Amino acid sequence: MADSVVLDPVDLHLLRLLQNDARTTYRDLADQVGVAPSTCLDRVTRLRRAGVILGHRLELDPARLGRGLQALLSVQVRPHRRELVGPFVERIRALPESRTVFHLTGPDDYLVHVAVADMADLQRLVLDGFTSRPEVARVETRLIFQQWDCGPLLPPSPPATP
């Protein structure tokens, strides 16, 4: 596991703002945080180099791209061996319908978030992309009705002192 990075209140404020809008200019960030733009640039650069900021992503509407049905697939593979993990994950990541893949503990080995056109497309994906694979023992499908993003990810708060 990676070492955590010590963040001060200015770093936390920057991270909160950037997670809400990664396109915010350094000048606007500096104004909102109360530091000079050069300080803001230095801070963000340091956070990138430390691996706290991993990148900037573009968020797309799956429905507008013809993928209006989303689902979570719980996948169990057998045998569940280390040498199968890499190839299986790379195969799933290569499917255009795959959005996210999680390797889990518990009865299911993977949770795969997919976006497809419709129920027939989902059935095709499950049958051709998953259950046709010899290592896949079981797939359970859960449709996503609605999705909400949560607040910015920040480090845990220190425990309150009594």
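Reader: Why is Leu65 called exposed?

Author: In this predicted model, Leu65 has a relative accessible area of 55%. Exposed means over 50%, so Leu65 is counted as exposed. Leu65 sits in the loop between helix 3 (37–49) and strand 1 (69–77). Together with Leu58 and Leu60, Leu65 forms a nonpolar patch on the surface, with about 370 Å² of accessible area together.

Reader: What makes Ser74 count as buried?

Author: The relative accessibility of Ser74 is 5%. Buried means under 20%, so Ser74 is classed as buried. Ser74 lies in strand 1, and the residues that Ser74 touches include Asp108, Tyr110 and Arg142.

Reader: How do you know that the side chains of Ser74 and Arg142 make a polar contact?

Author: The distance is 2.9 Å. The cut-off for a pair of N or O atoms is within 3.5 Å, and the side chains of Ser74 and Arg142 make such a contact.

Reader: Why is the pair Arg64 and Asp61 called a salt bridge?

Author: Their closest N and O atoms are 3.9 Å apart. The rule asks for a distance within 4 Å, so Arg64 and Asp61 form a salt bridge. Arg64 is exposed at 75%, whereas Asp61 is partly exposed at 40%.

Reader: What makes Arg93 and Glu90 a salt bridge, and where do they lie?

Author: The closest N and O atoms of Arg93 and Glu90 are 3.3 Å apart, and the limit is 4 Å. Both residues lie in helix 4 (residues 82–94), 3 residues apart, about one turn of the helix.

Note on methods: Residues are numbered from 1 along each chain as its sequence is written. This is a predicted model: local features need pLDDT of at least 70, side-chain atom pairs count only at pLDDT 80 or more; totals for chains, interfaces and linings use all residues. Side-chain values use heavy atoms; hydrogens and water are left out. Patches are made of residues with over 30% relative accessible area and no salt bridge: like charges are joined within 9 Å, nonpolar side chains (Val, Leu, Ile, Met, Phe, Trp, Tyr) within 5 Å. Accessible areas come from the Shrake-Rupley method with a 1.4 Å probe; for residues, only the protein chains shown count as cover. A salt bridge is a side-chain nitrogen of Lys or Arg within 4 Å of a carboxyl oxygen of Asp or Glu. Helices (H or I, at least four residues) and strands (E, at least two) are DSSP runs, numbered from the N terminus. Buried means under 20% relative accessible area, exposed over 50%, partly exposed in between (1.4 Å probe, protein chains only). A polar contact is a pair of N or O atoms within 3.5 Å; within protein, one must be able to donate a hydrogen and the other to accept it, and residues adjacent in sequence count only if both atoms are side-chain atoms. Contact means heavy atoms within 4.5 Å. Lists of a residue's contacts leave out its neighbours within four places in sequence.
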